[in-house]
Amino acid sequence: MRQPFSRLRASSTLAISLALAGCASTTGPTSALGYYWQSVRGHMQLMHAAEPIDRWIARTDIPPALRERLQLAQRARAFAVAELGLPDNASYRRYADLKRPAAVWNVVAAPPYALTLHTWCFPVTGCIGYRGYFTEADAQAEAAELAAQGLEVEVYGVPAYSTLGYMNWAGGDPLLSTFIAWPEGDFVRLLFHELAHQVVYAKDDTLFNESFATAVERIGIAQWLSTQSTPEARDAFATSEARRSAFRALTRATRARLATVYEQKEALALDVQALAAMKTEAMQQFHADYAALRTRWLQPQNGSAPQASTAQVAGYDRWVAKANNASFAAQAAYDELVPAFEALFERERRDWPRFYDAVRQLTQQPLPQRHDTLRALLPPKNTP
């Protein structure tokens, strides 16, 4: 099975406004009305394709591998409720074969000399740092408009998104063919991540929401692997996680280097030409460092087999080839506050209900104070 690179940018929370379900639009998909219409239509098509997992398992015309994976999903769903305190509701108890490589395609954008994501604002989710489309062509059209405004953009497919529990009355968020065949560890952790969005969600704070869900998935998958999994699955996850950790370290270092460059725009009043040269140097260093890391992955070490195949690093290759301010800034939302949430979990004695209550209390604070409170939990050497 292929290694899913999209865990670097795993999921998307898509704003669904069912009030628009009866509306049609002759405007383009990037307009306000056109965007909501494609959201409603795309989500309804996805929901219509979903059937209960038990019904899928009972079918005689599905591959054995799919049946086994759906049974794994049922076990992981029960584990999420019993051991992680995640919601016991309709979500992820149905399955849909989408017959496409992604659930939605996200658009992210950032200025040429800043790591600050462009944001879009919606009635339910507030302002978020990405916009999701159910077709890649619509996402590319939005990206083209943003690029014409001088922003750096990226379009990437995401395997799943959360409706934050608002659609549980209609059957909940389903399991999807876009991630059903992932290796066990990655499949289960994504399930935990999406369920975490239904526990706590802070409007206008993508960094908080995605870092929280990533912390839940990381702590949760460790518990799952230690008690529910096989040695083979644990070994496979450990190997892929080592690659992810090495890559995250590299991108964090590059983000810090770029941030230092961009800070000098105001501090030193550098002209655009000087900034561009410094940015180019930082990106060249990133590409060189990745090439060295990739070589270590693919070459045998001390007579042992290579850590990865070319297929397993293909996702990293694609990310690096397109890397820009938008992709670095989007990745930061999934990384930056994760250690702080993990420290909060330890502070709350590894008790899931206590942890969730503490996180909910944080959402009552103003956004800057909320982030400062979390960062205060980190050891001094890790504080930005």
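Mentor: Start with two residues: Arg-189 and Glu-241 are both buried. Buried means under 20% relative accessible area, exposed means over 50%, and partly exposed lies in between (1.4 Å probe, protein chains only). This is a predicted model: local features need pLDDT of at least 70, side-chain atom pairs count only at pLDDT 80 or more, and totals for chains, interfaces and linings use all residues. Residues are numbered from 1 along each chain as its sequence is written, and side-chain values use heavy atoms, with hydrogens and water left out.

Trainee: What joins the side chains of Arg-189 and Glu-241?

Mentor: Side chains of opposite charge can pair when their charged atoms come close. A salt bridge is a side-chain nitrogen of Lys or Arg within 4 Å of a carboxyl oxygen of Asp or Glu. Arg-189 and Glu-241 form one, 3.0 Å from N to O. Arg-189 sits in helix α5 (residues 184-196) and Glu-241 in helix α7 (residues 231-267), so the pair ties together parts 52 residues apart in sequence. Helices are DSSP runs (H or I, at least four residues), numbered from the N terminus.

Trainee: Which residues are linked with Arg-189 and Glu-241 in a network of salt bridges?

Mentor: Asp-186, Glu-217, Arg-244 and Arg-248 are linked with them.

Trainee: How many salt bridges does the structure hold?

Mentor: It holds 19. One of them joins Asp-317 and Arg-294, with the closest N and O atoms 2.9 Å apart. Asp-317 is in helix α9 (residues 310-322) and Arg-294 in helix α8 (residues 272-298), so this pair ties together parts 23 residues apart in sequence.

Trainee: Is Asp-317 buried or partly exposed?

Mentor: Partly exposed, at 23% relative accessibility. Arg-294 is partly exposed too, at 25%.

Technical notes: Helices (H or I, at least four residues) and strands (E, at least two) are DSSP runs, numbered from the N terminus.
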